[in-house]
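User: Could you walk me through this structure? I'm new to it, so please spell out the terms as we go.

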Amino acid sequence: MKAYAYFPGCSLEKMALSYHQSALECARRLDLEFQELDDWNCCGTTAYFAIDQLLSYTLSARNLALAEKKKLDMVTPCAGCYKNAYFTNVTLKRDADLAEHINEALKEDDLHYAGTNQVYHLLEVFCNDVGVQEIKKRVTQSLNSLRVAPYYGCQIVRPRKDHEEVENPRYFEDLIAATGATPVEYQLKMRCCGGSLLITSRKAAFSMARNLLQNAMDNGAAVIATACPMCQVNLECYQQQINQEFGARFSVPILYFTQLLGLALGASPKELGFGSELVSASAVLAQIRNKETSTTQSPYIRHATS
Amino acid sequence: MSEKVGVYICHCGANIAGVVDVAALSHWAGELPDVAVARDYKFMCSSLGQELIEKDIQELGLTRVVVAACSPHLHEATFRNCCKRAGLNPYLFEMASIREQVSWVTANKTVALEKSKALISGAVHRVIHNQALEPIIVDINPNVLVVGGGITGIQAALEIADAGYHVYLVEREPSIGGHMAQFDKTFPTLDCSACILTPKMFSAGTHPNITLLTWSEVEKVDGYVGNFTVKVRQKARKVNTELCTGCGICEQKCPKKVIDTVFEAGMGLRKAVYTPFPQAVPKYPVMDVQNCTFFQKGTCKACEKFCPTGAIDFKQEDKVVSFDVGNIILATGWDLFDCRRIPQYGYGRLANVYNSLEFERLSNAAGPTGGKVILRDGVTVPQSVGIIHCVGSRDKNYNPYCSAICCMQSLKFAHLVKEKTGAQVYNFYIDIRTPLKAYDEFYQHILETDETRFVRGKVAEVTDAARLPGEEGKLIIQVEDTLIGKQRRIPVDMVILSAGLEPRHDAKEVAKLFGIGCSADQWFIERHPKLDPVATMTEGVFVAGVCQGPKDIPLSVTQGAAAAARVIGLVNRKQVSLEPVRASVNAEQCSGCRICNNQCPFNAISFLVDKGVSEINPALCQGCGTCVAACPAGAITGSHYTNAQILSQIEGILEVELGQREAVPA
Amino acid sequence: MDTRPTFYQEITNMMYATHGDPISTCIQCGTCSGTCPVVEFMDHTPRDLIGMIRADLKDEVLASNTYWYCASCFHCNVRCPAHIDIADLMYTLKRYSIWKNQYPEGLIGPTFAETFVKMILSGGRSYEPVLAPAYIFNYGLQGFLNEALTATGLLLKGRIPVLPPRIKRLDNFRRMVGHIIPASNLVGEAK
């Protein structure tokens, strides 16, 4: 059983509790041991960089040090936490002066970061470490060709990491296909949903989310799978307001990919935190249960332009 | 015996003197043991500078000369000749590079002076151990190998053949002609590419002095300038060219159709037995064994049945031919940038996104659509077309260099699209680069007459995700129009990607095969970027055309002719003098271990069984030094690179370096 | 002779210090602005802004809303043919603007950033309701009601915490932060 240091991040405590529950449930079913970091702190998200980059690195360094103490690589389900931890790790490894400075601060909490561990996003652990083939073998409940739009968002794949494919990655699609669902091809899968602008520039955020929802719908998505709590909230909780703003009639469930994966691995909706959606996922669940249906009626709703 | 050394320090204008205190250096050098005279002068390479040295040799009776100046690559030959004129053996001369290795790499005057001293001290120590040598004179084989049968190689081959020398022209594809044969029109004059190329192809194919080896690749090259031995693999055509008349019946009767990814750039079909295009030279077809029904399934043989002369030969094997040449010209050309590497431009995913070669075929009257510019559905004429410049070029994510031809090519495309379809054309550019004769006039012409809209901005993405009215069913080009500072979404029916030029995928291996260098981008490296653009660091091997760097047809032809001129000049001399740098075995020290025998890349070492020692053939030895380093007994010496020379040079350098350290307490 | 660095130098130096690539290699091709998903809301495109910095148009840059609209999606970064870290440039400008306490009227970004930082320093973790007052300020009554509706929905689904979360070793945490920004009024207020 492979073990990881698990860093859930602030959102997963309440707002995205279902992500937390389903991530742990999937890990358990895939024989992974997720040891939650003891007394982790907020990573600072993107807002912190505006104030103090050094402080931002320090916040992430504390979490990295907590993981290193366990002698485990870090995994986090939140795309924002992932980006911060990943790049803090890269930066500290190449800038010894900065690492020394930050380690001075970490001493206050009896911590030290030597830079021996790696940082992964949950999706990477499932797709690379466990492997899509292995997951396919463990699927007990096919998702019945449910049309799932994989939403990568920004910070899992960007900025550039070595020579990784940053414009058209395929691993999320492969994972969805492994569950028996049909991955929806749509152009905006890598485009920003605007989540980080929700508070500061609402109009922009809504416009971006609208474009994304529309594009997924136009390509026949029955559900959008996300790997980031911020994207989930932006796309799901504000659908009503987006409909108001643009005269649209979106009603598309936005689920965490772990909720769908969990269903395929045989977990019950309850174990996966279903029930806290603002846009009902009952149609999705119904389709998975109904083995007769092999193709999905897409809730394809054009926005009213009048 | 004590030697009289003269040391000459060049200012090279301010190049050296701006950083190195040449007066102090000269004064210091004059005090060195064995140095009879030390002088500094503004330009040592000038006639006056050289006369200074000649005069000293004659009047002071100098026996050794050291010049501290630029790199030996530049002026070693100059000063050797200078010594020779004054009656001193040219190998009793040494050069210390205090420009490339000192003044150009530091601005610190203190360290510059110290390093200059070290290099001069090393050269003085070494030159005392130099021996008088005589250059080795060898005959030049007048035959020439030209690799690559594109327009550059054809031009080079014709020039040499017309001068009366024999050329072996080796081409990998079934026909010569290269990329130019694929084009429709050529900029800036818009003359028909085939019309100006095919006469040259025909001449090359029929010239009595040209042996054409198509469907062939060079496998091995041995030897040195004047005396290369080349092995070429002639891939089996499965067609007996002695019997074949090129009538084309086999191709007509062949039932197997294959997508032609080479000549037709994937836009059209060919047969399993085929000539790539009607004007192919030679006219003989080749059989594509991978796709031939007979080779894959064991039956068919339609070609054989219908061939009127019985030329089809299914049993034909590859043939390796070997011949000798004195000089080699590489004109191996380029590959097109693979636009799939930029997923956001949609090439390979969005049907109506084309790369530049695809568009050339589409626009070509002999191409798959008969020259009609239509969409992939085969019928629709586009009403709007976007042409994107700099695809894969000037971009650190792909190729940092400018591909040189894309601006003019894109302007040409804009004109052809307008002429053939009347469509609204948009050109998306970062900078318009039209530097050569009649190029900017062409741009002006397009601006004046074609109503092409020019949008200054590198395209961010091409998408089929419609968002705004009018975008449905279109390809949307999203770009910042940088001249108005606004993001625009421009819906079009067709997108043409002006893809960049790349070195051949196997350029590195080819460079290794011929013993020349490749740049970081993998273009072949010329001897000097300005003053020796077609020679390489390997004597007798020349480069021409795009394999040396992106360029258009006029420049490629110029280089082909230039390389030919260089070769003809060498061949006319009939002999070439080689550096007398050769290895030799001291038989008394040789233990007969034979370790050196297999190390020699030129097969110059043989083992004399009766004497129990190894011996080096000086005619084959190239003085590379591999055996010298390999010999465990130290029995092999390389002339002009003897142990005494190298060790004393090191000693001389260290003397200054260590002296420095002692002088400055830590 | 005036030896003070120009605005362009200041920004470049800040980027160097934080490992960003300088903007001197920009060829003004507009890939960033063509890519940007928020560009229609910005008063200057990112490319334009780079040109303005290089022209030392400090006042105009500080009056621009461009970097406050940057969503940190990094799409420009991965496409830039000159490998300029454009998102980092946007962070740099935010930082510079906050230091100088100079930004356009009515922008919520700077206040938000500061509120967010204070919130994290007070408990070690983030807590969404703290951010709520910002909405009234910025989006008026209708916006607040909409927001309240969404919030109520989330509350009913148990997705909003009632009490701010706190980490256990908060004192250590605050001392750690004190090492990085010793005299910070942010830390002071947090305590």
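User: How many residues of domain 1 of chain A are in contact with domain 2 of chain A?

Analyst: First, this is a predicted model, where local features need pLDDT of at least 70 and side-chain atom pairs count only at pLDDT 80 or more, while totals for chains, interfaces and linings use all residues. Residues are numbered from 1 along each chain as its sequence is written, and chains are lettered from A and ligands numbered from 1 in the order in which they are written. Contact means that two C-beta atoms, placed from the backbone, lie within 7 Å. On the domain 2 side there are 22 residues, and on the domain 1 side the number is 20.

User: Which helix gives the most to that side of domain 1 of chain A?

Analyst: Helices (H or I, at least four residues) and strands (E, at least two) are DSSP runs, numbered from the N terminus. Helix H1 (17-29) and helix H4 (79-94) of chain A each supply at least two residues there. The top contributor, with nine residues, is H1(A).

User: Where are the bounds of the two domains of chain A?

Analyst: Such bounds come from an automatic or database domain assignment. The C-alpha centres of the two domains in chain A lie 24 Å apart. Domain 1 covers 2-121 and domain 2 covers 139-289.

User: Why are H3(A) and H5(A) called roughly perpendicular?

Analyst: Axes are lines fitted to C-alpha atoms, for helices over the stretch in contact, and angles run from 0 to 180 degrees between N-to-C directions. Angles under 35 degrees count as roughly parallel, over 145 as roughly antiparallel, 65 to 115 as roughly perpendicular and the rest as oblique. Helix H3 (residues 53-69) and helix H5 (residues 96-106) of chain A have axes 10 Å apart, and they pack at about 70 degrees. That angle is why the label is roughly perpendicular.

User: Is B:Ala507 buried or exposed?

Analyst: A residue is buried if 20 or more other C-beta atoms (placed from the backbone) lie within 10 Å of its own, exposed if 12 or fewer, and partly exposed in between. B:Ala507 sits in helix H15 (residues 507-514) of chain B. With 22 other C-beta atoms within 10 Å, B:Ala507 is buried.

User: Which residue in S29(B) is the bridge partner of B:Ile329?

Analyst: Two strands pair if DSSP finds at least two bridges between them. Strand S18 (residues 327-330) of chain B is joined by three bridges to strand S29 (residues 541-543) of chain B, and the two run parallel. Within S29(B), the partner of B:Ile329 is B:Phe542.
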